[in-house]
Amino acid sequence: MLEHSDIVEIADELAEAERSRSMIPLLTARHPEMTIDDSYAVQNVWKQRGIEAGRRLVGRKIGLTSKVMQQATGITEPDYGVIFDDMVYENGSVIEFDRFSNVRIEVELAFVLGEALEGPGCTLFDVLRATEYVVPALEVLSSRIEMQGRTIVDTISDNAAMGAMVTGGRPVAVDAVDLRWVSALLYRNETIEESGVAAAVLNHPASGVAWLANKFAHHGDRLEAGEIILAGSFTRPMWVERGDTVHADYGQLGAVTCRFA
């Protein structure tokens, strides 16, 4: 376990990297003894720095919930991060490319909670009862820690590589469609790059939200009513460059589009 002073120093490094749009060296190379608990402690200090600076917490993201994402990253367990209000973009937004580092896009479903969710013992059915609606979303990944050789400890410390999200399409009640069979086609500049089905996320995208509620219980915390929960990607991350237009077609749930400038 790291000393608290080390945790604060790393969190401040990451906050500065986000402000300056730069990257820092691998944490695990400098602190090989660093644990997953240490990395969540770093993320928590980083979150508090954001709140102190006037950012508003609006939700959480879950990462690495599908086999395709675990294979793409070499990391074999889910993780989570926080979503601030200034990370949420509307459908059709033009997004500043230079705001992020190592920009990639993931295809996800976002659960908007109508009721609080609390573990332990939170199930998929608890999530469905608590969800007000589900909406298509894109996650913009941004890595403030160098990519080569990253471990889950690096990723969690880096707010699970959360950069931003774009919501769009048609919000639906959880019983309006079979969420397992929600599918999406992901395009970059009118060329299809990826496709996937939401069941790739732990066999049901709501399972990721249940996992998060139970994980939070270990920290004496819970998911609150009104929070947006990004449930995890069901495609591989797609790299984007300045000038790219991204379009995700969710069929009957509509589409999400953004452009990087």
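**Chat about a predicted model**

Visitor: Hi! What does the lining of the largest cavity have, by class?
Guide: The lining has two nonpolar, two polar and three charged residues. Nonpolar here means Ala, Val, Leu, Ile, Met, Phe, Trp, Tyr, Cys and Pro, charged means Asp, Glu, Lys and Arg, and the others, Gly among them, are polar.

Visitor: Before we go on, what sort of model is this?
Guide: It is a predicted model, where local features need pLDDT of at least 70 and side-chain atom pairs count only at pLDDT 80 or more, while totals for chains, interfaces and linings use all residues. Residues are numbered from 1 along each chain as its sequence is written, and side-chain values use heavy atoms, with hydrogens and water left out.

Visitor: Thanks. Which residues line that cavity?
Guide: L14, E18, W46, R144, S157, D158 and N159. A cavity is a set of points on a 1 Å grid over the protein atoms alone where a 1.4 Å probe fits but cannot get out, and lining residues have an atom within 4 Å of a point.

Visitor: And what volume does it have?
Guide: The largest cavity has about 40 Å³, taking volume as the space filled by probe spheres set on the points, with points joined across faces, edges and corners. The structure holds one cavity of 30 Å³ or more.

Visitor: Back to N159: buried or exposed?
Guide: N159 is buried, at 0% relative accessibility. Buried means under 20% relative accessible area, exposed over 50%, and partly exposed in between, using a 1.4 Å probe and protein chains only. N159 sits in the loop between helix 6 (152-157) and strand 7 (162-167), and its phi is near 55°, a positive value in a residue other than glycine. Helices (H or I, at least four residues) and strands (E, at least two) are DSSP runs, numbered from the N terminus.

Visitor: Strand 5 keeps turning up. Why is it described as largely enclosed?
Guide: Ten of the ten residues of strand 5 (residues 104-113) are buried, so the rest of the structure largely encloses it. Both faces are covered, with A110 and V112 among the buried residues on one side and I105 and F111 among those on the other.

Visitor: Which strand pairs with it over ten bridges?
Guide: Strand 6 (residues 131-141), in the antiparallel sense, with A110 opposite V135. Strands pair if DSSP finds at least two bridges between them. Strand 5 also pairs antiparallel with strand 11 (residues 238-239) over two bridges, and three bridges join it to strand 10 (residues 228-230), again antiparallel. In strand 10, V112 has I228 as its bridge partner.

Visitor: New topic: how many aromatic pairs are there?
Guide: Six. One is F97 with F260, an edge-to-face pair at 6.4 Å centre to centre and 90° between the planes. F97 lies in the loop between strand 4 and strand 5 and F260 in strand 13 (residues 255-260), so the pair ties together parts 163 residues apart in sequence. Rings of Phe, Tyr and Trp (its six-membered ring) pair if their centres lie within 6.5 Å; planes under 30 degrees apart are stacked, over 60 edge-to-face and the rest tilted.

Note on methods:
On a 1 Å grid over the protein atoms alone, a cavity is a set of points where a 1.4 Å probe fits but cannot get out, and a pocket is an open set with protein on both sides within 12 Å along at least five of seven lines; lining residues have an atom within 4 Å of a point.
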